[in-house]
Amino acid sequence: MGEFWPVPEVLAFLAGSWRVERSVRDLASGDEGCFDGTTVFGPLEGGALLHRESGTFVWQGVARPAERTLRFLPGAAGVGTADVRFADGRPFHDLDLTTGRWVADHPCAADLYRGEFTVRDPDHWRTVWRVRGPAKDLVLTTDYARVG
């Protein structure tokens with residue numbers, strides 16, 4: 001099927017539990033960290049999903065609990081797409097995996113977050129966020145593997 005695995009319906013694909021492994025590299029300082037945990041995409045009204053991520057983040061040798069919550073709403077661009085929002089409803093980015101690959105931008109103050117989403121098969125996908133700005137120069141690579 002090629003390098004990427006097309007996803008006709010992104011919300012149906014994401015639903016369920018995923019094992020998460022993330023590396024974080026600060027390109028300016030050379031520091032590296034990692035996150036290990038799980039993400040659960042559970043149902044919300046209207047066909048939306050609540051994304052809850054929890055685990056342990058290790059930075060400069062110090063382990064701390066970490067979590068985040070996002071909302072994945074049906075996308076305005078049609079079936080197969082999603083409108084990703086922060087827990088408080090602010091827009092984050094759009095998502096369309098119908099080709100198995102998507103690039104999204106999110107401006108945050110003076111920084112720009114550019115995310116590349118790729119799907120390898122029905123049970124594995126990856127995000128690579130490149131963060132550039134006056135105070136940040138980061139690469140965050142996250143691998144997801146379906147649980148169960």
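Let's start with two neighbours: strand β1 (residues 16-26) and strand β2 (residues 32-43) run antiparallel and pair over 10 bridges. Strands here are DSSP runs of E with at least two residues, numbered from the N terminus, and two strands pair if DSSP finds at least two bridges between them. The model is predicted, with local features needing pLDDT of at least 70 and side-chain atom pairs counting only at pLDDT 80 or more, while totals for chains, interfaces and linings use all residues. Residues are numbered from 1 along each chain as its sequence is written, and side-chain values use heavy atoms, leaving out hydrogens and water.

**The sheet**
- Ten strands make an open sheet in the order β6-β5-β4-β3-β2-β1-β10-β9-β8-β7, with antiparallel pairing.
- At its edges are β6 (91-96) and β7 (101-108), each pairing on one side only.

**Pairs and hairpins**
- Strand β3 (residues 49-59) pairs antiparallel with strand β4 (residues 62-74) over 11 bridges, and W59 has V62 in β4 as its bridge partner.
- The β3 and β4 hairpin has two residues between its strands, and Q60 in the turn has a positive phi of about 50°.
- β4 also pairs antiparallel with strand β5 (residues 81-86), over five bridges, with F72 opposite V84 in β5.
- Six residues lie between the strands in the β4 and β5 hairpin, where G78 takes a positive phi near 115°.

**A look at T141**
- T141 sits in strand β10 (residues 137-146).
- T141 counts as buried because its relative accessibility is 17%, where buried means under 20% relative accessible area (1.4 Å probe, protein chains only), exposed over 50% and partly exposed in between.
- Leaving aside residues up to four places away in sequence, T141 touches E21, R22, S23, R126, T127 and V128 (contact means heavy atoms within 4.5 Å).

How values were computed. Helices (H or I, at least four residues) and strands (E, at least two) are DSSP runs, numbered from the N terminus.
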